[in-house]
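Open the model in your viewer and keep the selection panel at hand.

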Amino acid sequence: MSIIAIAKLELLIARRNMWVATSVILMGLFTVVLTLAGGAPTGSLGIDPLTVAVTSITTLSVYLIPLIGLLLSFDAIAGESERGTLALSLTYPLSRGEILIGKFLAHFCVLAFAIAVGLGLTAVLTIWQYSAADLSFAPLIKLFVTSLALGAAFLGIGYLVSSLVRQTGVASGIVIIIWLVCVVLYDLGLLGALVADNGGTFTKTIFPWLLVANPADAFRLINMPDGSVSELASGINAAGGASGTLGQLVSLLLWPIIALFFAWIAFRKVEP
Amino acid sequence: MTTLNIENVSKKYGTLETVKGVSLSLQAGERVALLGHNGAGKTTLMRMILGLTPITSGRIEVLGTEAGSRRARSAIGFLPESVAFHGALSGREQLQHFARLKSVSMKRADDLLDRVGLSDAADRKIRTYSKGMRQRIGLAQALLGQPKLALLDEPTSGLDPISRHEFYDIVADLANSGSAVLLSSHALTELEARTDRIAIMSKGNLLADSSLSELRHSAQLPIQVHVTTSEADADRIAAELGGARVNGRSITLTCQQNDKIAMLGQIASLGAVIKDVDVMPASLEDLYRHYSISKEGA
C-alpha cells in the first residue's frame, strides 16, 4: 500500500538524518533533568511526586514538542520540491493525500517514540525514587496522549507552510516565527490585553476562548492540575476554567485535523 | 489501441504560450524522438502527459484514459531531465521504494539494478553516486513494471558513450516488448539509427513528425559527395564535375537525391584518377536546422 511505502521510506530517512536520535535525546534529556530536579524542592511534602514531574514536563513540552513537530515537517514538501524529488514521486500512481498521510505517519511515529521514551524515563525514575504503590499514573498518560495531539497539530502546520512556500529556507524561517508566536508571543499578547482590560468583559468572555484556541495553551491548561502546584504557572491557569476541559480537548483534537486538512489543500495546489 | 494520443494541446502561462496546438500519437512498440532547443516545449509537453502540469486546451490520453489519472500514471515510466533522489538512501532502497509504489516485486527491482549495471553500487548511498549512476537509477525506476509508455526526458545527458550505447539497447528491448517510447534529446547524432520516428519542436510548435527518411525526402536537402583524387588531378576533376576543391586532394560535390545515381555514374566513368568516394546524406543536424529555421517564421 502506498501510504505504508511512503511512511517506511520517511522513517528510514528520519533515522538516517538523525532526526529520531535528536528527538529522543532532546526529550529524554529534558524529562530526566526535570524529573530529578522537580522532586528536590517538594521533598516529602505530601504532593504526589509524579504530579510535580508532570507539571514541570508540561511547561517544557509546550516549548519542545511544537519545536520538534515543526522541525520534522517544514522540509517535507518544500524540500522535496527544491531537490527535485517531488515531481518524480507525483508521477507514480498514488494521490497527494496518500503522500501527505504517509509522511505524517512516519513523523508522528518519530514524535511518539521520543515522547514515550521521555515520559517512560520519568515513570521509571519516579518509581525508583519513591514506590509505585502511592503513584497515580493517570496524569502521565494524559500528558502522553495530549502531547501526541500537540505534536500532530504542529506537524500539520509544518506541512501547510512547507506546501505554501517553494524554498526550505523560507519555510524554516516561517515555522520558527510560528513557533515563537504560539508558545511565547501569543501568551504575552493575551497578558497585555488582560492588564489593559483590567477585569472587564474581555477578561471574562473572550479571553478564555482565545486562550484555548491556541493548541499550546490548551495543552498547558489540560495538563496543569488545579490547586497547589499550578499557581507556579502564572495566573493564566485560573482563566482556563471558563472554557473547561471539553474546550481544551476539542482544541487539541481539532488542531491536527484542521492543520492537516489545510496542508492537503495547499499541497494539492503545488506544481512541482 | 493508441498508447499515447495528444490532440491539439496548448499550454499558456499568462500570455506566454509554451506549447501551441501540438498533436502527436504513439503506438505500442514505437520509439519516437522529440527534438528541440532548450525552451522548445519538450519538457512542458512531457509534464502535461504526466499530469504534473495542467493542460490549457486540447486533450491527452494515455491508453484511452485521461492523462494524469491514476490508471494513466500506472502505465507510464518517467525519467526526468535532471533526476534527483534522496542522498541518504542507497540505490537499492530508493528503487525498492518505487517498486512498492508500482506494486512490483523486490526481486524485479533487484533485477533492474543488474540490467542498468548498478548491482555493485546498489548498497552505497546515492549521495556518493556520479551523475551517470544517478541517471541509471532513474532509468531503472522508469523501467519498473514494464511501462506501456516510457517518457524519457534527455535520458543520455551525463552518460559516457558506452553507457549511451547500453542505454539505447535497453530502449530497444523496451520497444520490442511492446512499450511506446517517447524520448527527448538535443544530442542529435546518436538518435539517427535509434528511433522509428522523429518529432521536431520549436518555440512550442510541432514542426515535423515522421521517419528520418521521409523527413530527408520532404526537406529536399542536398546530398554531399566527397571525392578523393590525386593532387595533380584535383583541379581538373573539380572543374569537370562542377564541385569545389576542399584541400589538396578532396573535392566536395552536392546534388539532390534524384540526381545521386547519375552523379555517381559520372564519377565512376572517370576511372583510375578517383581514389575514393564518400556519399553523405543530410544528417539529423542538417534536417533539424532546416526544419527549425524554415518553419519558424511561418
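Start by selecting Thr31(A), which sits in helix α2 (residues 19-42) of chain A; helices (H or I, at least four residues) and strands (E, at least two) are DSSP runs numbered from the N terminus. This is a predicted model, in which local features need pLDDT of at least 70, side-chain atom pairs count only at pLDDT 80 or more, and totals for chains, interfaces and linings use all residues. Residues are numbered from 1 along each chain as its sequence is written, while chains are lettered from A and ligands numbered from 1 in the order in which they are written.

Is Thr31(A) buried or exposed? Thr31(A) counts as buried because it has 27 C-beta neighbours inside 10 Å (buried: 20 or more other C-beta atoms within 10 Å; exposed: 12 or fewer; partly exposed: in between; C-beta atoms are placed from the backbone).

Thr122(A) is 91 residues away along the chain, yet its C-alpha atom is 6.3 Å from that of Thr31(A).

Now switch to chain B, with ten helices and 14 strands. Its C-alpha atoms fill a box of roughly 70 × 45 × 35 Å along the principal axes. Of its 298 residues, 45% count as buried.

Finally, select residues 91-101 and 131-143 of chain B, helices α3 and α5. In α3(B), Gly91(B), Gln94(B), Leu95(B) and Phe98(B) meet Ile137(B), Ala140(B) and Gln141(B) in α5(B). These contact residues comprise four nonpolar, three polar and no charged (nonpolar: Ala, Val, Leu, Ile, Met, Phe, Trp, Tyr, Cys and Pro; charged: Asp, Glu, Lys and Arg; polar: the others, Gly among them).

How values were computed. Axes fitted to C-alpha atoms, helices over the stretch in contact; angles between N-to-C directions. Contact = placed C-beta atoms within 7 Å.
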